[in-house]
Amino acid sequence: MTTQIVQITLMNLRNLPQRLGASLVVVIGIVGVVGVLVSILALSEGFRHTLASTGRSHRVIMLRSGSDAELSSGVPRDQATLLGNLAGVARDAGGRPLASAELMVMVDLPRRGETNPNNVPFRGVQPTAFAIRDELTIVEGRRFERGVREVIVGRKASQQFAGLSVGSRIAFRDSDWTVVGIFQSGGDVHESEIWADAEVAMSAFRRQGYQSVTATLADGSAAGFTALKDAVSRDRRFSISVLREPEYYAKQAKILSGLINGLGYTVAAFMAIGAMFGALNCMYSAVASRQVEIATLRAIGFGGTPVVVSVMIEALLLALLGGAVGGALAYLYCDGASLSTLNFNTFSQVAFDLRVTSTLLVQGLSWALGIGAAGGLFPAIRAARLPVTVALRAL
Amino acid sequence: MRYLPLLWAGLFRKKTRTILTLLSVIVAFLLFGLLQAVKVAFESGADTADAKRLLTTARYSIIETLPISYLRRIEQMPGVVGVAYAEWFGAKYQNESNAFPVFAVDPGRYLDAYPEFTIPRDQRQAFAKTRTGAVAGKRLADRFGWKLGQKLPISSEIHPKANGDLNWEFDLVGILDAEDPAVRGNTDVVLIGAEYFDEARQTGKGRTGWYIERIADPAQAKTISAEIDKLFMNSPDETKTQPEKEFAVGFAKQIGDMGALVTRILAAVFFTILILTGNIMAQSIRERTAELAILKTVGFSDGKATALVLAEAVLLLFMGGGLGMVMAAALLPPLNGATGGRFPPLFVSLGTCLIGAGIALTLALAVGLPPALRARRLRIVDALAGRR
C-alpha cells in the first residue's frame, strides 16, 4: 500500500510541470490568504507585545478608582505623597520611597512629513522614576535637569514624530522645551512618550494634581501586593485603585488588538473560502486530465486509497508551498516595520513594530494546509470513485 | 441579447468549474463590499462634515478645556450665525470605559448646530427644560434597551460630583436619530445638560471642551477660523479653530491610514481572483477552439467571435460581482444590529457599487481579452485540423 502511494504520488508530482498554470493558481490563492492573515496578525501582535512588555510585576500603578487609564485619572498632590509613604512601597538606600507621582498630558505633534496633529503622551516624572524603571536607558544625550524645561524622548516617539531629535526645541502651551536626550526601554509603551520633570510640567501645563503614582513594591509577592492594596482600600482618605503594572498595561491593549484580530481573521476567512474554491477547481481539473491514467492504474491493480492519498498529497504540497511563500512575503515586508496609532483605551499614540512571530508563521501554514485539505478532498474522492470502464472509455 | 443563451451555454459548459469560479468571484466581491463599508464608515466623519461648521479646541491639545466665557465673544464675530459648546464627560457604563461618548451641552444651541439630527419637538423641549435631562441616539437606546422617561445611570471616569462621587444619573427625555445612514453613526452619543453638569461637578467649573460655530458662508471658513484664533491669541487659553472636515480628517489620520490598509488587502484579493479567473477562462477557450472555428465557419465574424468570448468574461465577473455586493448589502444590516452603536453603521454606498462595477469591468477585460484575441486570430482551417 505504502509503495503504491509513493509510486502514484511521485508520478503525479513528476507531471506537475505540465499542469503548471492551474497549480500556480492554487499556490497564488494561498499565498494571498496567508500573506494577508500573517501581516494583519503581525500588526496586532506587535501592538500587544509593546504593551505586554511594559511594566514589571513588582511594580504597581495607582489611579483614581473608577479610572481605567491615566488620562482620565486624577491624584491630588497630598494624596500622592501619602501613597508614596505607605509601608508596602520599597525604599532606596537613602530611605526615600521608590514612588513617582506622575503627570500625564497630551501634546499635539505631527508625524514625520505630515502636518496634522497627533495625541502624543507627555509624562511628567519625579526623579525616582529612573530608579523605579531601571529598564530605561539613555541612548543619546543626557537626562533632563530638574527645574528646567528640558525633555527626554522615547526612541519610538523620536522616530515617528517630527522635531524630536536631541537639541531641537518644541513649543507647547506658553512654554518652549529643549530635547536633551533619547531613551529606550526595551520597546515598551514608554518609548512612545516624552518625559519631563513633573514639577516643571505641572507649572507649564497649569495642573494642580497628578494622574498616577507608580511605585516599586517592598515585597513583590502576592502577599506584598495584597497588603498594599488593602492598606489603600482601608484608608478612607483615598479613593484609589492599585494595579500591578503588567495587569494595567495588558488591559490597555484589549480594544485595539481585539479589533485588529477580528479584522484579520474575518478577512482571511473570506479569502480562505475563495482560495478553497480555487484549489477545488484546480484539483478537479488535475484529476480530470489524468482520469485515463488513474483508471489504468486501477485496472492493473492499484487500490482506491493510494489514489485518494496521492491527490491529497499533491494538494497539500501545493498549499504548503503557498503558505510558505505567503509567510515569507509577510515576514519580508512587515516584520520590524514601525508605525504608530491611536490607542482607544488611552486616547494617545502608541508606536510599535510589526512582529511576524514563529507562532504566526505556523498559524499561516496550518491555514494553508486546511485550505489544501479542503480543496483536495472531494477531487481525490472523485478520482478514486471513477468507474474504471467509464474513465477508460474517454480514451 | 439574442446571444445570451449561447453565452450561457459556453459559460456553463463545465458546470462545476464555472460554479466554483463564480463562488470565488462572489466571495471576493463580498469581501470588497464589507471592507469598503468599513472604509466608508471610517471616513464618514469627513464625508458627513458640514462645510458650515467650525470647531474650536484648545490650541495645544484637544484634551485641554476652554473658558465658557469665550461663548459670547465668539458669538459676536461677524459671519458666525450660531455657537454651541460641548464637554467630554468620560462615560463608563456597566463598567465599560467609553462604551459611548457622552457630551455635556447646551441643548438648544447644540441641536441647532447639528440640524441633520432629528428629534421630536416635544422631546427637544423636554431636554431643554429638564435639568437632569439627557437624550440618546436611537441605535444606543436600542442596544441597551433604554426607554423614554427612564433613569440613566452613567459613571464618569473624569468628573466627580461635588461630594467626590463618580456616579451620575440622568433622565432620558429624548431620542436622536438621523435619516442619512452615514450621519446615523454621529448620533451614537448621549447628550446631557451642561448647566446641571457644570453646577454639580467638583472641578473644572466654568470651562468647556470645545466650541462648535455655524457660519453663514462656507467660503469664509478659513478667514473666520483665523479671526477666532486671533481673538484669543496670547491669552492663557489659546484656541485652534478649523472646519469640521479638517478636524475629522485629522482625527482619522491619528488612527492611521485605514484606507491604505483596506486597499492593500483588496489588491491581494483581486490579484488572486485575476489569476484564478484568467486561468479558467484561458483553459475554457482552449478547450473550445474547435467550437469557435465552427462558429466562424457558420458566419460569425472575427469581431463577433471576439465579442462573444469577452462577453463571457464580463458576464462571469458581473454575475459574481453583483451577487457578492448584494450579499454584502444583505449581511450588513444584521451585523449593524449585532454591534449596535459600538461601531458606526456599515452600509454599501453608491460609491462602493460604482467602484465595484469598475473593478469587475477591469477584471473582465484583463481575463477576457487574451482569449478573446486568440479567438479573433483563430484560423478556421488550423483550428479544425487541431493545429493550434
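**Reading helices, a sheet and contacts**

Colleague: At what angle do helix α11 (residues 258–287) and helix α14 (residues 350–377) of chain B pack, and how far apart are their axes?

Modeller: Two packed helices are described by the angle between their axes and the distance between the axes. Here α11 and α14 of chain B pack at about 30°, and their axes lie 9 Å apart. The axes are lines fitted to C-alpha atoms, for helices over the stretch in contact, with angles from 0 to 180 degrees between N-to-C directions. Helices (H or I, at least four residues) and strands (E, at least two) are DSSP runs numbered from the N terminus. This is a predicted model, in which local features need pLDDT of at least 70 and side-chain atom pairs count only at pLDDT 80 or more, while totals for chains, interfaces and linings use all residues. Residues are numbered from 1 along each chain as its sequence is written, and chains are lettered from A and ligands numbered from 1 in the order in which they are written.

Colleague: How are α11(B) and α14(B) oriented to each other, and which residues of α11(B) meet α14(B)?

Modeller: The two helices are therefore roughly parallel to each other (under 35 degrees; over 145 is roughly antiparallel, 65 to 115 roughly perpendicular and the rest oblique). α11(B) passes α14(B) in a right-handed crossing (the near helix is turned clockwise from the far one by less than a right angle; anticlockwise is left-handed). B:Phe270, B:Leu274 and B:Met281 are among the residues of α11(B) in this contact, and B:Leu363, B:Pro370 and B:Arg374 are among those of α14(B). Residues are in contact if their C-beta atoms, placed from the backbone, lie within 7 Å. By class, this contact has 13 nonpolar, 3 polar and 1 charged residues (Ala, Val, Leu, Ile, Met, Phe, Trp, Tyr, Cys and Pro are nonpolar, Asp, Glu, Lys and Arg charged, the others, Gly among them, polar).

Colleague: What is the strand order of the open sheet in chain B?

Modeller: Strands of a sheet pair through backbone hydrogen bonds, either parallel or antiparallel. The open sheet of chain B has 11 strands in the order β5-β4-β8-β9-β7-β10-β6-β3-β12-β1-β13, with mixed pairing; strands pair if DSSP finds at least two bridges between them. β5 (96–97) and β13 (239–243) of chain B stand at the edges with a single partner strand each, so one side of each has no neighbour in the sheet. Within the sheet, β7 (133–137) and β10 (190–193) of chain B pair in the antiparallel sense over 3 bridges, and B:Ala136 stands opposite B:Val190 in β10(B). Helix α5 (121–129) of chain B packs on the sheet against β7 and β9 (167–176), its direction making about 155° with that of β9(B). Helix α10 (244–255) of chain B touches β1 (53–58) and β13, at about 100° to the direction of β13(B).

Colleague: How many residues does each chain give to the contact of chain A with chain B?

Modeller: Chain A gives 39 residues and chain B gives 35. α9(A) supplies the largest share of the side of chain A that touches chain B, 12 residues. That side divides into 20 nonpolar, 16 polar and 3 charged residues.

Colleague: Which domains does the assignment give for chain A?

Modeller: It gives domain 1 (2–52 + 254–393) and domain 2 (66–238), with bounds from an automatic or database assignment. Their C-alpha centres lie 47 Å apart, and 12 residues of domain 1 of chain A are in contact with 17 of domain 2 of chain A. β12(A) gives the most to the domain 1 side, with 4 residues.

How values were computed
Two residues are in contact if their C-beta atoms, placed from the backbone, lie within 7 Å.
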